[in-house]
Amino acid sequence: GINGAGIARDAAGRGYSVCLCEAGDVGGGTSSASTKLIHGGLRYLEHYEFLLVRKALKEREVLWKIAPHIIRPMRFVLPHHEGLRPAWLLRLGLFLYDHIGGRKLLPATRAIDLRRHEAGVPLKPAYRKAFEYSDCWVEDSRLVVLNLRDAQARGADIRPRTAVTSANFADGLWRLALAGSSGEEEEITARVVINAAGPWVDQVLRTVFGHNDAHNVRLVRGSHIVIPRKFEHDRSYIFQNSDDRIIFAIPYEDDYTLIGTTDAEHGEDMAKPEISQAEIQYLCEMASAYFREPVMPQDVVWTYSGVRPLFDDGASKAQEATRDYVIRAEKQVGGGSLINIFGGKITTYRKLA
């Protein structure tokens, strides 16, 4: 995924000899099933994740400059809901969002009157006031591919559809057995191994490195629905819900609106994740609380789901688990260096690398 691709690019750019193995297709997991946003995570401020938000916000404009052909600015409309957070609290949060990340190019937050603004047209008349702020949109899976193409141009050996089946450390080197999709086998050597397998990070620790009790990540499913275009303007919406979660409604592929995401415990099943009927109903009901015309399950033309490998910090609810990454280096018997990557967001992949 994006973290492994970013690490490969960064390491190759610093002169390291790099081989990246991906058991499936590059970007085929979490990194192609995101909400497609380069953002600081406005709601994380409420959980006092100030350092995470600052780190992500500082990366926004850097990534936009690096890849303006697949990353573009987007304005988000946050309607004020009378029964939830007060307007002063929203404004305070957005003031912090504007100022803690070194924003220079993206437009600042402003208040808008939904009774006179085009963003109010598709919303229920009860919503009269909103705030408009900036973040960015990204073609997520393409960002993975472009990082890997650049890593390859700098000398990295990129191996899609190649699984690492075993790893042994002896005489100062890792010996890694690789198996291609056609059954061919190979052994390579390395001084350092980085396990950036995303949702499969614990599975790799168990099956490849023999850490049978590995349990470092909490697998949380994020699902999205796509419906026919709900509004004509090019802004996106961020909607609050009474369960303290938020969802986005985003213009998608010209003719559609993307709505998501959910936070559902996924368990250990690593088959391709699929949205549940309960998640579809949740997203429809939450969007319908804001849009004049309700969103119905029969409106859904497509869905997709991804699994977030959140670092298991003991939080009681999935939505409260940290979205920051954790990097742990450990020495194996004999001195072998193994670095494990837990969690992380697309926005902070370069910083992680």
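Predicted model: local features only at pLDDT ≥ 70, side-chain atom pairs only at ≥ 80, totals over all residues.
Residues are numbered from 1 along each chain as its sequence is written. Local features need pLDDT of at least 70, side-chain atom pairs count only at pLDDT 80 or more, totals for chains, interfaces and linings use all residues, and side-chain values use heavy atoms, with hydrogens and water left out.

Let's start with the sheet. Its three strands run in the order β10-β18-β17, forming an open sheet with mixed pairing; strands (E, at least two residues) and helices (H or I, at least four) are DSSP runs numbered from the N terminus, and two strands pair if DSSP finds at least two bridges between them. β10 (192–195) and β17 (326–331) are the edges, each with a single partner strand, so one side of each lacks a neighbour in the sheet. β17 pairs with β18 (residues 337–342) in the antiparallel sense over six bridges, and I327 stands opposite I341 in β18.

Now for helix α2 (residues 50–66), which has 17 residues.

Finally, the aromatic rings. Rings of Phe, Tyr and Trp (its six-membered ring) pair if their centres lie within 6.5 Å, with planes under 30 degrees apart counted as stacked, over 60 as edge-to-face and the rest as tilted.

| Pair | Type | Centre to centre | Angle between planes |
|---|---|---|---|
| F169 and W174 | edge-to-face | 5.4 Å | 70 degrees |
| Y237 and F239 | stacked | 5.5 Å | 25 degrees |

F169 and W174 are both buried. Y237 is buried at 0% relative accessible area, and F239 is buried at 0% too.

Definitions and conventions: Expected span 1.5 Å × (residues − 1). Buried < 20%, exposed > 50% of the residue type's maximum accessible area, 1.4 Å probe, protein only.
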